[in-house]
Each structure stands twice: as structure tokens, then as C-alpha cells.
Amino acid sequence: MDNLNDAQKQAIVHKDGPMMVLAGPGSGKTTVITKRTKYLVEKYGVNPRNILVITFTKAAAREMKERVEKMLPHLDSSVKISTIHSFCMRLLREDIYVLGYPRNFTVLDSDDARSVLKDAYKLMQIDVKAYSYASMLSYISANKTEFVSPSTALDMAKFDEKEQVRAKVYAFYQKRLKEMYALDFDDLLLFTRKILNMYPEIRFKWQKKFDYIHVDEFQDV
């Protein structure tokens, strides 16, 4: 606890119930999470396998793993530390079958997603200069994360020709992904959310795995 202020100490020793930490960049949030993990294991006797640490970027997850490894050299691999997307991938590899997808589903990277758009543009004779791939993928992502379906997007765009084009590409994109049993990065989050909401028995299974969940950069996740 050396060199920690009172608020940091309070966050580290907190045992049960939810807790939110608000602090600016460089104020030691990552340090608090790693030291809290160590404290739970050594002071409260929590099984490290029942601790999950979620971060947003791969770099942050790597840094967290390195810190925990130094603090708990014999137990670091037991604490589950990953990005939110990696955790969702892990869950889906086990349970996506309930949505009619195989466990060996494909995950599209940005190049794969652009390839699907290229097929759509070719079929619909769309000029990439008028609708860049980046802007189209942003449009698709915004709709998906706001739970706007392709049919709803098309209905909303009925008085705007450019928006109609985007909505039609969105519909093509979703249809192609389903045919391929493929998920993009947004789908990793959305499919996980859907399963946890729709299937209480699966939600309970994953709830039983973890007694403590720490989320770094919660506003991004």
C-alpha cells in the first residue's frame, strides 16, 4: 500500500458489491486494479480463477498481465485477463450454438469486411469514391450497435437516396455474414449480449465462473 493515496487504498480493499472508480489519465487506475487483484487473492483468499479482468485494447491487456505476473508470479495464468472482444470470443466458442451458429464460426477482420463490401459495390454498381469503405463500415457499425436492423434502416432512408444505398449495402453485408457463419468485431459483443439476455442457464453458468469482475476503461467497453 506504499505510495497510494486514501482513495486508491479504499478501492483496493473494497470487498463485496459494485464499485466505480472515476479518475483521469495517469492517475493509477491500472495500478489499483492489479493491486486489488493481488489483495483479493492474498488477503481475502479469493481463488484467482474466479477473478476476471476486462480491458479494451490488447496493449492494455498485455500490460495488465505483465503487472499481475510480477505481483503473483505463481498465479498469474489463473487470473483471467483479456480484452472485452477476447472474452466474448471465448464465451461464443462455447455457446454460440444456441443461435444456430457453429462453434468454429469465422471472425472477420477489417480486410475481410472490406471484401464483403467490394462484392456489394460490384453487384450494385456503387462507386467507391461516392461511398468509401471506411464510411460504409462506420454506418453499418453505428446501426448494429444501436440495434437498427437493415429493414428498419431502409425504412428510415426512404426519402433519402444516398441513405437508401447505404441501407441496401448494410442488408447485403448482414446477409453475407450470416451465409458465411461469420461475425465482425461488433457481432462479438452483440451476440454475447443476446445470448446472455435470452438464455438464463448460460448466463448463470458464466456468472458462476467469476466472483469478481474488474473492468478497466469501462467507458470504452
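**Labels and their grounds**

Guide: Tyr181 lies in the loop between α8 and β4, and I begin there, with the reminder that this is a predicted model.

Visitor: Why is Tyr181 called partly exposed?

Guide: The relative accessibility of Tyr181 is 40%, and the label covers values between the buried limit of 20% and the exposed limit of 50%, so Tyr181 counts as partly exposed.

Visitor: What makes the phi of Tyr181 worth a remark?

Guide: Tyr181 has a positive phi of about 50 degrees although it is not a glycine. Most residues other than glycine have a negative phi. Glu217, in the segment after β5, is another residue other than glycine with a positive phi, near 50 degrees.

Visitor: Which residues of α4 are buried, and what makes them lie on the same side?

Guide: The buried residues in α4 are Ile84, Phe87, Cys88, Leu91, Leu92 and Asp95. They cover an arc of only 135 degrees around the axis, and therefore they are on the same side of α4. In general, an α-helix has 3.6 residues a turn, so residues three or four places apart point the same way. The cover over the buried residues of α4 includes β1 (51-55), β2 (80-83), β4 (182-183), α9 (185-198) and α10.

Visitor: How do you know that the buried residues of α5 line one face of the helix?

Guide: Ala113, Val116, Leu117, Ala120 and Tyr121 are the buried residues of α5. Viewed down the axis of α5, these buried residues fall within an arc of 140 degrees, so they line one face of the helix. Among the elements that cover them are α6 (133-145) and α8 (161-179), whereas the face turned away from the buried side carries the exposed residues Asp111, Lys122 and Leu123. Helix α5 (residues 110-124) reaches 21 Å from its first C-alpha to its last, close to the 21 Å expected for its 15 residues at 1.5 Å a residue.

Visitor: What makes up the lining of the largest pocket?

Guide: The largest pocket has a volume of about 670 Å³. Of the 24 residues that line this pocket, Met19, Met20, Val21, Val215 and Phe218 are the closest to its centre, and the elements that give two or more residues to the lining are α2 (29-42) and β5 (212-215). By class, the lining has 13 nonpolar, four polar and seven charged residues.

Visitor: How many helices and strands does the protein chain have, and what share of its residues is buried?

Guide: The protein chain has 10 helices and five strands, and buried residues make up 36% of its 221 residues.

Technical notes: Residues numbered from 1 in each chain as written. Predicted model: local features only at pLDDT ≥ 70, side-chain atom pairs only at ≥ 80, totals over all residues. Heavy atoms only, no water. 1 Å grid on protein atoms, 1.4 Å probe; cavity = no way out; pocket = protein on both sides within 12 Å on 5 of 7 lines; lining within 4 Å. Points joined across faces, edges and corners; volume = space filled by probe spheres on them. Helix = DSSP H or I, 4+ residues; strand = E, 2+ residues; numbered from the N terminus. Nonpolar A, V, L, I, M, F, W, Y, C, P; charged D, E, K, R; others polar. Expected span 1.5 Å × (residues − 1). Buried < 20%, exposed > 50% of the residue type's maximum accessible area, 1.4 Å probe, protein only. Arc of directions from axis to C-beta. Contact = heavy atoms within 4.5 Å.
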